[in-house]
Amino acid sequence: MDILITRNIEKRFSNHLALDDVSIAVPQGTIYGLLGPNGAGKTTLLRIINQITGPDRGEVHCFGRPMQANDIYSIGYLPEERGLYKKMKVGEHAIYLARLKGLSRPEALKRLKFWFEKLEIQGWWNKKIEELSKGMAQKIQFVVTVIHEPKLLIFDEPFSGFDPINANIIKNEIIELKKKGATILFSTHNMGSVEEMCDYITLINKSKNILSGHIDQVRQQYGSNVFELTFKGDLRKVSESLTANYELVSHTEEMGQVKANIKVNEYSTDNRLLNLVIPVAEIIGFRQVIPSMNDIFIQVVQEYNKTHRQS
Amino acid sequence: MSKIFLVLEREFLTRVRKKSFIIMTILAPLLFAGLMVVPMIIATMDDTKERSIAVIDDSGLFKNKITETEYLKFVYLDGVTVSDIQSTFSESGYYAVLYIGSMVANTPDAVILYSDKQPSMDITSHISSAIKNEIETQKLKTYDIENLDDILKSIKTNVRVRTIKWSKDGEAKESSSELVFGLAYILSFLVYMLIFMFGSQVMRGVIEEKTSRVVEVIVSSVKPFQLMMGKILGIAAVSLLQIVIWLILTFGLVSAAGSIFLDSSKKVVAQKETVTNLMEQAGVAQTVTEAADQPSFANEMMTALSNINFVLIIGGFIFFFIGGYLLYAAMFAAVGSAVDSEADTQQLILPVTIPLILAIVVMVSGLKSPDGSLTFWFSIIPFTSPIIMITRLPYGVPTWELALSAALLVISFVAITWLAAKIYRVGILLYGKKHTWKEMWKWIKYKN
């Protein structure tokens with residue numbers, strides 16, 4: 001079941017179209033990555049889902065029905081541009097934000113205590129916000145985003161501003177939240193985290209959804225025709241044995257072993273490739289190359305931009 | 001609604017805990033009270049240093065004729081010129097040298113006062129009136145009127161206009177136009193200042209939230225309108241608390257100082273009585289006792305003060321201040337939402353401040369003619385009514401005008417708040433650019 005669906009969202013600002021017919025569907029209990037270059041419209045989409053701005057057209061469905069004003073209590077949103085009141089004390093501020101999410105003061109206090117202990121930041125309680133570093137403030141913001149235990153969590157660039165250690169802590173917390181049953185939608189530029197965490201992705205470019213799906217399917221789709229062949233022997237012989245249906249994309253040579261990436265076109269298969277090279281080389285390994293999300297991201301965006309510049 | 005209250009609570013508590021709030025709350029009444037009490041104290045204190053002034057009288061008319069006071073003596077020098085005394089002036093011990101030219105009766109600027117200090121206004125006006133009186137007497141004498149001195153004494157009069165107001169039910173109340181004028185002036189200026197002060201606090205708060213990016217975090221759980229309203233109402237609560245403390249402290253301080261002051265003025269009255277007794281024995285009692293029959297100025301002020309409807313004025317003051325504040329605060333919030341720093345507000349703020357400044361200009365003429373048509377219209381139009389209605393209030397305002405003005409104020413702040421919220425909602429999420437009123441007008445028309 002999809003916990004969150006946006007249908008044909010369109011949003012126009014005075015001089016440009018920020019979102020053009022964007023539809024996504026976030027299945028319950030998954031981690032959903034929203035990718036895209038800067039200015040593609042990710043933040044606008046997240047703001048619309050959080051009812052901060054409204055769409056010009058299209059609709060948002062949440063928890064199986066059209067979105068309602070009260071749904072905001074069941075959503076935790078960490079915005080991209082996040083700040084805190086500099087003059088307030090950490091504890092006081094966290095309680096304020098938790099109460100705005102609908103928690104009572106004692107309940108907020110209890111849950112904050114739990115989270116502060118978990119992240120080992122109890123010592124910050126009486127500090128002023130202005131004394132915290134950016135990463136420290138981000139931790140506080142993360143805590144208050146999840147404090148009301150929402151069913152749907154939305155993070156806009158959750159890892160920006162964190163050092164690798166803290167980014168890892170936050171990543172593990174997000175995965176743990178998913179295990180506890182929450183659904184997570186987040187936008188990021190960090191492709192490594194997408195591969196590690198995401199079940200589904202959507203790629204938004206130039207206000208449009210240009211790629212959506214389960215991460216494994218997406219990677220299969222973009223990697224099905226390149227194979228990595230590892231062998232002992234002469235690279236020249238191997239390349240001479242290839243017919244017009246194959247293309248040597250790249251190769252590396254290390255300690256007498258050659259790794260060659262070979263692209264197979266639609267008229268051939270990986271088995272036929274193997275038949276061709278077995279007579280000329282001693283095969284050590286053969287596997288399909290599944291491109292990293294980073295490669296797919298760059299490839300898809302560049303291709304899209306190329307085709308749409310002409311039109 | 002409960003979210004507006006949460007925002008309100010935070011705004012109120014963080015502001016009230018600030019040192020600047022506590023200092024302002026305590027210092028301002030001291031300042032107000034000082035402004036009221038110090039002139040009273042100065043008025044009771046006379047200049048007590050004895051000064052002597054050398055007189056060089058070329059006209060020969062004034063020898064021993066210039067009236068002396070307890071602290072001002074005149075020494076008449078013969079056969080000395082101004083230049084003679086100038087060289088030795090610093091050792092002579094004189095406060096000043098008064099030169100009276102020979103043609104003084106016909107040329108008004110023939111009298112010159114030389115000194116190495118700037119002589120006080122008291123001294124110059126004392127001298128000029130003394131010389132003027134003397135010349136007038138001299139001139140009168142040339143008409144050869146019999147018993148001139150007696151006639152002059154008997155025609156000396158002193159006139160002060162008392163004002164008594166008839167209310168509709170035929171009651172006559174002692175009033176004081178000076179007092180009403182002062183009250184109207186101070187209160188309407190105060191409304192102007194407070195609207196400006198607390199309005200720009202709203203604006204600064206919005207800019208602070210925007211530049212620190214808290215606003216994004218807050219609007220994920222609160223509607224922008226709730227955030228704006230919470231802030232405006234929170235600051236309104238701060239301002240009310242401050243005004244109430246100011247009122248109580250100022251009244252307390254003034255009445256404490258006033259009781260000390262009144263004690264000393266009673267002594268003066270007692271002194272006068274003994275003088276009267278002495279004069280009665282001397283047989284010149286008549287005129288003086290007549291004078292004593294008139295109510296003393298201080299007493300008159302007290303009755304006029306007690307006849308002012310303070311409940312109406314303070315109630316009206318608080319209502320029109322809050323109404324005006326709410327009207328302007330929403331506009332200040334809209335302006336704050338459209339900029340990234342306070343430095344950028346100057347152009348945008350102009351349309352907001354012009355009506356306020358206009359109101360202050362109209363107030364000055366309103367003080368002269370509180371029932372004039374200009375004053376009337378500006379006291380009805382919502383953007384200036386908070387100030388101008390307060391100007392008129394101490395003079396008395398018909399109930400229907402008060403009700404009309406109040407109703408229009410309420411309607412317009414609801415409308416303005418609604419419009420400002422539309423601008424605010426868009427503005428707070430747009431960074432990095434200074435926006436114009438034209439763009440803000442477009443934001444008003446955005447659907448969501």
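## Basis

Residues are numbered from 1 along each chain as its sequence is written, and chains are lettered from A in the order in which they are written. Because the model is predicted, local features need pLDDT of at least 70 and side-chain atom pairs count only at pLDDT 80 or more, while totals for chains, interfaces and linings use all residues; side-chain values use heavy atoms, without hydrogens and water.

## Interface of chains A and B

Chain B gives 25 residues to the contact and chain A gives 26, where contact means heavy atoms within 4.5 Å. About 2,600 Å² is buried between the two chains, 57% of it on carbon and sulfur atoms; this is the accessible area (1.4 Å probe) lost on putting two parts together, summed over both.

Five salt bridges cross the interface, each a side-chain nitrogen of Lys or Arg within 4 Å of a carboxyl oxygen of Asp or Glu. In one of them, E9(B) pairs with R99(A), with the closest N and O atoms 3.3 Å apart. On the side of chain B that touches chain A, the elements giving two or more residues are α1 (2–16), α6 (177–211) and α7 (214–219); helices are DSSP runs (H or I, at least four residues) numbered from the N terminus. The largest share, six residues, comes from α1(B).

## Salt bridges

Over all chains the count is 29 salt bridges. E92(A) and R17(B) form one, with closest N and O atoms 2.9 Å apart. The pair runs from helix α2 (residues 90–100) of chain A to the loop between α1 and α2 (19–44) of chain B. E92(A) counts as partly exposed because its relative accessibility is 30%, and R17(B) as exposed at 51% (buried is under 20% relative accessible area, exposed over 50%, partly exposed in between; 1.4 Å probe, protein chains only).

Within chain A, E107(A) and K110(A) form a salt bridge at 3.9 Å between the closest N and O atoms. These two are three residues apart in helix α3 (residues 105–118), so about one helical turn separates them. In chain B, a network of salt bridges links R10(B), E11(B), R15(B), E209(B) and K231(B).

## Nonpolar cores

The largest nonpolar core has 160 residues; among those touching the most other members are L4(A), I201(A), I218(B) and Y325(B). Such a core is a set of buried Ala, Val, Leu, Ile, Met, Phe, Trp, Tyr and Cys residues joined through side-chain atoms within 4.5 Å.
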